Amino acid sequence: MLHDEMYMHEALYEARLAAAKGEVPIGAVIVRRGVIISRGHNLKELGKNAQLHAEMIALKNASEYLNSWRLTGSTLYVTIEPCLMCAGAIYQARILRVVYGAQDWKAGAFGSLYDLSEDPRINHKVQLQKGVLEQECAQIMSGFFEKLRTKYR
């Protein structure tokens, strides 16, 4: 659990980078054999691309780093529960483990709105760890949206 918190702090750093750019503050890192091999944060607004979620960017960067789409043995740390699109990519990349901070009751695909990890029809299994630094991860999101709401009042 100590390592999970350490890597989640790195994902929170990425989330802060997203917030500084006016993006929804979600950050992700991918770890393999104790080394961060990839990072990502939301760039959907700046990139004008719905696929530029933190997880998708981190998966792409990890694949480039390893020169393979197979990210077996890797752990994805992400501040907010992945959505369906990201969960599908996580399965496709053969990620071993997903560790996330706060749940996403509107779009989460690993326990909140859906739970793909419980679907017996999927041939690849992903290990889940939920709620790591949950308060900090939830706070960065709620703080971002609170600032956004006050900006437009």
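Arg 97 is buried, at 18% relative accessibility. In this predicted model, Arg 97 forms a salt bridge with Asp 4, and the closest N and O atoms are 2.7 Å apart. Asp 4 belongs to helix 1 (residues 2-20) and Arg 97 to strand 4 (residues 97-102), so the bridge ties together parts that are 93 residues apart in sequence. Asp 4 also counts as buried, with a relative accessibility of 6%.

A search of the whole structure finds five salt bridges. Another of these joins the side chains of Arg 39 and Glu 10, at 2.5 Å from N to O. This pair, too, links distant parts of the chain: Arg 39 is in strand 2 (residues 35-41) and Glu 10 in helix 1, 29 residues apart. Arg 39 is partly exposed at 30% relative accessibility, and Glu 10 is partly exposed at 28%.

The side chains of Arg 121 and Asp 119 also meet in a salt bridge, at 2.8 Å from N to O. Arg 121 is exposed, with a relative accessible area of 74%, whereas Asp 119 counts as buried at 14%. Elsewhere, salt bridges with shared partners join Glu 10, Glu 14 and Arg 39 into one network.

The cysteines come next. A search of the whole structure finds zero disulfides. For Cys 83, the nearest cysteine sulfur is that of Cys 86, 3.8 Å away. Cys 83 is buried, with a relative accessible area of 15%, and Cys 86 is buried at 0%.

The largest pocket has a volume of about 540 Å³. It is lined by 21 residues, of which Val 24, Ile 26, Ile 80, Asp 104 and Met 141 are the closest to its centre. The lining consists of eleven nonpolar, three polar and seven charged residues. Helix 2 (44-47), helix 3 (54-66) and helix 5 (134-151) each supply at least two lining residues; helix 5 gives the most, with four.

The side chain of Asn 49 reaches the backbone nitrogen of Gln 51 at 2.8 Å. Asn 49 is partly exposed, with a relative accessible area of 28%.

Notes
Residues numbered from 1 in each chain as written. Predicted model: local features only at pLDDT ≥ 70, side-chain atom pairs only at ≥ 80, totals over all residues. Heavy atoms only, no water. 1 Å grid on protein atoms, 1.4 Å probe; cavity = no way out; pocket = protein on both sides within 12 Å on 5 of 7 lines; lining within 4 Å. Points joined across faces, edges and corners; volume = space filled by probe spheres on them. Nonpolar A, V, L, I, M, F, W, Y, C, P; charged D, E, K, R; others polar. Buried < 20%, exposed > 50% of the residue type's maximum accessible area, 1.4 Å probe, protein only. Polar contact = N/O pair within 3.5 Å; in protein donor to acceptor, adjacent residues only side chain to side chain. Disulfide = S-S within 2.5 Å. Salt bridge = Lys/Arg side-chain N within 4 Å of Asp/Glu carboxyl O.
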